[in-house]
Amino acid sequence: ELRADKDVVLAAVSNDGSMLHCASQNLRADKGVVLAALSNDGCALQYASNDLRAHKDVVLAAVSKCGSRLQFASKDLRADKDVVLAAVSNDVCALKFASPDLRADKDVMLAVVSNDGRQLQFVRDTKLRADKDLVLAAVSKCGSMLQFASNDLRA
């Protein structure tokens, strides 16, 4: 069957990464094939084997192209700061797939508001809303976000 022919699948995913969904289960677990698919389409991560979704380099290749693909990463990698930073730097919406601890991490939130200052309004951690660096990054992108800073910073 052609879906199990590595040469055929490599040719297909190199042209269109989403074609990984047509590959055999064995080839969805082949790191080289999956990385070839991810090289042009980060969305292909959803078709990779569960084992490869737990490989940091594979997930980084995906979220660097399509941050929201963080949702298909293993639970451990959704709690990996490097992976989450790569994802939110590409797509701030990826934050919703990060672990709760990283959604309250200053470095992660700084990356988020540096890309989209409006995201400050969704920061629930009062310490982060009182962090001058974080608020400055947010208001530099969107001045109206000052209203979401802590009272101390607004005083």
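At what angle do H8 and H10 pack, and how far apart are their axes? The close-ups below start with that pair. Keep in mind that this is a predicted model, where local features need pLDDT of at least 70, side-chain atom pairs count only at pLDDT 80 or more, and totals for chains, interfaces and linings use all residues. Residues are numbered from 1 along each chain as its sequence is written, and side-chain values use heavy atoms, with hydrogens and water left out.

**View 1. Helices H8 and H10 side by side.** H8 and H10 pack at an angle of about 10°, and their axes are 8 Å apart. Helices here are DSSP runs (H or I, at least four residues), numbered from the N terminus. An axis is a line fitted to C-alpha atoms, for helices over the stretch in contact, and angles run from 0 to 180 degrees between N-to-C directions. That makes H8 roughly parallel to H10, a label for angles under 35 degrees. On the H8 side, look for Lys106, Met109, Leu110, Val113 and Ser114; Asp133, Leu134, Ala137, Ala138 and Lys141 of H10 complete the contact. Contact just means heavy atoms within 4.5 Å. Sort these residues by type and you get 6 nonpolar, 1 polar and 3 charged. For that sorting, Ala, Val, Leu, Ile, Met, Phe, Trp, Tyr, Cys and Pro are nonpolar, Asp, Glu, Lys and Arg are charged, and the others, Gly among them, are polar.

**View 2. Helices H6 and H8.** Here the axes of H6 (residues 81-90) and H8 (residues 106-115) come within 9 Å and cross at roughly 10°. H6 and H8 are therefore roughly parallel to each other. H6 brings Lys81, Val84, Leu85, Val88 and Ser89 to the contact, while H8 brings Asp107, Val108, Ala111, Val112 and Asn115. This set splits into 6 nonpolar, 2 polar and 2 charged residues.

**View 3. Lys31 and Asp57 pair up.** These two form a salt bridge, with their closest N and O atoms 2.7 Å apart. A salt bridge is a side-chain nitrogen of Lys or Arg within 4 Å of a carboxyl oxygen of Asp or Glu, and the count by this rule comes to 9. Lys31 sits in helix H3 (residues 31-38) and Asp57 in helix H4 (residues 56-65), so the pair ties together parts that are 26 residues apart in sequence. Lys31 is partly exposed at 32% relative accessibility, and Asp57 is partly exposed too, at 37%. For these labels, buried means under 20% relative accessible area, exposed over 50%, and partly exposed in between (1.4 Å probe, protein chains only).

**View 4. Lys106 meets Asp131.** Their side chains join in a salt bridge, 3.1 Å from N to O. Lys106 belongs to helix H8, and Asp131 to the loop between helix H9 (126-129) and H10, so this pair links parts 25 residues apart in sequence. Lys106 is partly exposed at 30%, whereas Asp131 is buried at 17%.

**View 5. A loop residue, Ser150.** Find Ser150 in the loop between helix H10 (132-141) and helix H11 (151-154). With a relative accessible area of 15%, Ser150 is buried. Skip its neighbours within four places in sequence, and Ser150 is in contact with Arg129 and Ala130.

Key: Helix = DSSP H or I, 4+ residues; strand = E, 2+ residues; numbered from the N terminus. Parallel < 35°, antiparallel > 145°, perpendicular 65-115°, else oblique.
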